[in-house]
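Subject: Structure for your records

Hello,

Here are the sequence and structure I said I would pass on. My notes on the packing follow below them.

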Amino acid sequence: MPCSANGSSDSSSGGIGSVGGSGGSSNSRALSELLLGRRRALPGLEGDESALSLPEVPPLDKALLDSAGGDTGKLQALLRHHRRTRLFNSALRMVPDEQLHAPDHLTVRALLHRLSRGDMHAEVNSMMQLLLRAGLPPNYKSFLPWASFHARRGSVGGVRHVMEQVEAHEGRGAVGGHYYVQLIRAYCTAGRWKETDSVLPEMRERGVPSSDHVYRALIFANGRHQRADRARAVFEDMLGSRLTPSLATWSALVNAYAESNQPIRAIETLMSMRRQGLAPSIEVWGALTKAFARSGDWRRALEVLEVMQAEGLTPNEQVWGCAIEAAAVAGKPSVAEELLRRMQAAGLTPNVIVWTSLLSAYGATRDLGRAEGVLRQMAEAGCPPNGKTYTELMAQLAAQGRYEDCERYFRQMQSEGWPADRVSLAILFDSMLHRWSEDRQGRQQLLRSIAERWEQASSGGALEPHTYLHQPQGRLAVDLHGFSPWTAQLVVLGVLHRLLAVHQAEQGSIAAHLSRVDLITGRGNRSARRHRPVVREAVLEMLQHLLPVALSRSNDGMLVLEARHLRRLFDSVLAEGKGFSLPDMQHCLVEPSEGRAARRAAAY
């Protein structure tokens with residue numbers, strides 16, 4: 001029996017997608033309300049009735065829609081011909097209920113595009129079931145965008161659900177490699193990239209043939225997380241399967257070495273391509289340039305430009321941008337300026353990434369005057385800065401304790417439509433804490449302001465940490481990846497504050513529910529000082545003021561807090577009438593080693 005949009009059964013006659021001359025059945029009305037974005041309550045959206053509303057029809061689209069003369073057949077033919085999702089969204093507002101035909105894959109794309117905001121996995125699945133009952137053709141044109149929707153949001157379960165639906169409607173053999181590509185994307189977006197290792201064995205077990213696209217996705221996923229050796233193993237597996245790598249797959253392997261800061265292996269890969277009789281594409285050369293950019297080897301980046309030109313290839317914006325980034329990493333703003341001039345002389349317009357690299361080059365030499373001047377140059381060139389540009393400048397200002405300027409650019413970034421993310425907020429807090437640490441006793445008002453703003457940012461905001469409770473072991477894991485040394489300390493104090501509340505509620509028996517707390521700090525592979533675990537150092541030094549801390553035997557990037565030590569700490573804090581607020585714990589906060597080194601250098 002078909003279900004209505006709110007999930008309840010409906011015994012009305014007529015199919016969901018039936019076209020009734022007098023309005024159709026209740027299911028038909030439910031579907032048209034769903035598609036036309038009318039204000040109606042949906043599961044999980046009771047407090048946000050406008051979440052499904054569409055934007056107004058743009059004038060240019062309206063002119064094209066009017067040319068259909070009200071004929072729905074002509075209208076749908078126009079939409080298919082132009083292949084424009086935005087125009088299709090506009091059409092959904094103009095098609096009357098009684099003219100609404102059975103949905104097709106364009107309907108799916110429009111619906112998923114409209115529901116791209118927020119966590120709506122369950123609602124999307126329910127709506128897709130409605131569309132299938134309404135006559136939506138069950139093929140890859142409908143299922144693949146559905147799987148891609150979940151993949152972009154890191155919903156592994158959502159992609160698995162789509163794959164089950166494909167099997168239910170088309171048979172077991174219909175789940176092809178392109179669905180596994182979406183599964184790989186979901187794993188990576190969710191931070192579960194290690195689980196991509198199981199994709200190929202699963203495909204073989206289910207009899208799904210592998211493809212160049214699947215191998216390329218796996219290579220890219222491993223490279224993105226600096227697992228170049230694993231990316232190479234996947235590539236070798238592909239060769240063993242007698243599949244011929246495409247140029248895009250070769251480029252993904254070179255890119256994997258670039259992300260892992262292994263430029264020599266990237267060069268060797270390019271030479272292997274030549275031995276196979278393949279001419280590297282611009283994308284391959286761009287990936288090689290990125291390898292030199294990561295290591296700051298601007299001289300070799302320049303050589304890549306020269307070799308490309310000698311072979312008759314014209315470097316694109318990506319290649320020039322990587323060369324400029326190499327100069328920035330090396331702290332050579334004069335070289336970056338010269339490369340920018342050469343790029344412009346070649347007839348290419350620098351994009352925001354190139355300008356941001358130039359700004360970074362000035363920041364590496366602490367020339368903040370010229371770094372801020374880059375923003376003016378961007379305005380003159382008609383290239384507005386993005387969130388990354390502002391974040392880069394804020395990081396340079398924070399490193400020198402210029403909190404007011406950092407705050408000013410933070411607000412300017414938001415006023416121009418770039419939302420505050422974890423990185424920009426962390427930099428802002430770094431600048432505030434850096435200023436406070438210069439005079440801890442004299443800047444208590446600033447500390448109280450930091451505490452108030454941190455409460456807002458960490459409670460359901462961008463700086464809320466990822467925590468996992470492993471049962472039945474009772475291990476609480478706190479992931480500190482992506483946090484700075486300063487903000488990681490604030491996260492740990494926040495976790496201790498919440499555990500203290502549990503300790504009080506359980507009347508001191510927290511150990512009965514929790515065996516230990518694992519603080520995942522990382523090994524420093526992505527820190528500014530490579531292989532220097534700056535987050536672990538700061539968090540460890542802070543916690544040593546409070547309780548015994550152990551290093552995990554299986555993972556040196558993880559700190560372990562035993563429940564028995566936590567219980568003693570909580571009893572002691574409660575006996576003193578204190579908590580884990582910033583004012584109470586300010587004596588434990590540790591200035592990162594880079595800040596102390598800079599302060600010593602400024603003193604001489």
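The helix α25 passes α26 in a right-handed crossing. Please keep in mind that this is a predicted model.

Helix contact

Helix α25 covers residues 485-505, and it packs against α26 at an angle of about 45°, the two axes being 9 Å apart. On the α25 side the contact is made by P485, A488, Q489, V492, L493 and L496. These meet V534, V535, A538, V539, M542 and L543 of α26. Sorted by class, the residues of this contact are eleven nonpolar and one polar, with no charged ones.

Sheet

What is the strand order of the sheet? The order is β1-β2-β3-β5-β4, in an open sheet of five strands with mixed pairing. The edge strands are β1 and β4 (550-551), each of which pairs on one side only.

Strand β1 (residues 466-470) runs antiparallel to strand β2 (residues 475-479), and five bridges join them. Within this pairing, H470 is opposite R475 of β2. The hairpin of β1 and β2 has four residues between the strands, and G474 there takes a positive phi near 75°.

On to the next pairing: β2 and strand β3 (residues 516-520) are parallel, again with five bridges. Here V478 stands opposite L519 of β3.

Helices on the sheet

Helix α27 (residues 563-575) packs on the sheet and touches β3 and β5, its direction making about 65° with that of β5. Helix α26 (residues 534-543) lies across β3, β4 and β5 (558-562) and runs at about 20° to β5.

Aromatic pairs

There are five aromatic pairs in the structure. One of them is formed by F429 and W454, edge-to-face, with 5.3 Å from centre to centre and 80° between the planes. F429 belongs to helix α23 (residues 422-438) and W454 to helix α24 (residues 444-458), so this pair ties together parts that are 25 residues apart in sequence.

Regards

Definitions and conventions. Residues are numbered from 1 along each chain as its sequence is written. This is a predicted model: local features need pLDDT of at least 70, side-chain atom pairs count only at pLDDT 80 or more; totals for chains, interfaces and linings use all residues. Side-chain values use heavy atoms; hydrogens and water are left out. Two strands pair if DSSP finds at least two bridges between them. Helices (H or I, at least four residues) and strands (E, at least two) are DSSP runs, numbered from the N terminus. Contact means heavy atoms within 4.5 Å. Axes are lines fitted to C-alpha atoms, for helices over the stretch in contact, and angles run from 0 to 180 degrees between N-to-C directions. A crossing is left-handed if the near helix is turned anticlockwise from the far one by less than a right angle, and right-handed if clockwise. Ala, Val, Leu, Ile, Met, Phe, Trp, Tyr, Cys and Pro count as nonpolar, Asp, Glu, Lys and Arg as charged, and the others, Gly among them, as polar. Rings of Phe, Tyr and Trp (its six-membered ring) pair if their centres lie within 6.5 Å; planes under 30 degrees apart count as stacked, over 60 as edge-to-face and the rest as tilted.
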